[in-house]
Amino acid sequence: NKFCIDNEITSYFFRLNPYESFTTSKTKLKVIGECVNIELKNDIKIIRSNYSQRVRRYIRKSENLGINIKINDMSYLSDFMRIYLNSMNIKSSRKFYFFSEEQINKLKVALGKKFTFFTSHIDDEIISWSICLHDSKNSYYFLGARNHDFTEINANYYLFDNMIEHYKNLG
């Protein structure tokens with residue numbers, strides 16, 4: 001559309017609230033994955049009690065290995081891009097779905113404090129990362145990948161647990 005061309009907009013994001021009903025008969029929705037809602041008003045112990053035994057085991061494994069979580073350390077963006085592009089290629093994703101480093105940087109600048117970059121590490125080696133977008137009420141997992149050299153660790157569970165705790169602490 002002309003507005004997008006004039007304003008150099010190459011893409012936009014559209015997210016539906018899964019808890020609202022959409023009754024427009026012209027709207028066709030296709031479910032492409034599950035939406036997980038975690039109520040952060042609950043005590044962190046209650047939230048964690050809902051994790052499966054398998055998830056708790058992976059979290060303990062990550063803790064025992066000394067995995068570190070870093071928040072908003074953009075010095076890892078190049079590593080993130082390498083892992084992300086490798087993950088997208090492994091999945092044989094269409095190039096249309098790829099984000100460039102420039103796009104990620106622009107998103108960070110545009111969203112400011114509503115953009116959070118999480119990374120998990122062993123020593124200085126990045127294992128997994130994710131980007132979350134948030135406002136005063138909701139946080140959304142937006143984008144992520146893992147380093148396939150560390151698949152057996154399953155550090156994503158630990159990363160997600162730390163993300164939950166981070167947003168829980170924000171209130």
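This is a predicted model: local features need pLDDT of at least 70, side-chain atom pairs count only at pLDDT 80 or more; totals for chains, interfaces and linings use all residues.
Local features are reported at a pLDDT of at least 70 and side-chain atom pairs only at pLDDT 80 or more, whereas totals for chains, interfaces and linings use all residues. Residues are numbered from 1 along each chain as its sequence is written, and side-chain values use heavy atoms, with hydrogens and water left out.

**View 1. Arginine 48 and aspartate 161 meet in a salt bridge.**
The structure holds four salt bridges, a term for a side-chain nitrogen of Lys or Arg within 4 Å of a carboxyl oxygen of Asp or Glu. In this one the N to O distance is 2.9 Å, and the pair links distant parts of the chain, with arginine 48 in helix H2 (residues 44–49) and aspartate 161 in helix H6 (residues 156–170), 113 residues apart. Helices are DSSP runs of H or I with at least four residues, numbered from the N terminus. Aspartate 161 is buried at 4% relative accessible area, whereas arginine 48 is partly exposed at 27%; buried means under 20%, exposed over 50% and partly exposed in between, with a 1.4 Å probe and protein chains only.

**View 2. Aspartate 79 forms a salt bridge with arginine 82.**
The N to O distance is 3.6 Å, and the two residues, three apart in helix H4 (residues 77–90), are separated by about one helical turn. Aspartate 79 is partly exposed at 26% relative accessibility, and arginine 82 is partly exposed at 44%.

**View 3. Lysine 106 and glutamate 102 are joined by a salt bridge.**
Their closest N and O atoms lie 3.3 Å apart, and the residues are four apart in helix H5 (residues 101–111). Lysine 106 is exposed, at 54% relative accessibility.
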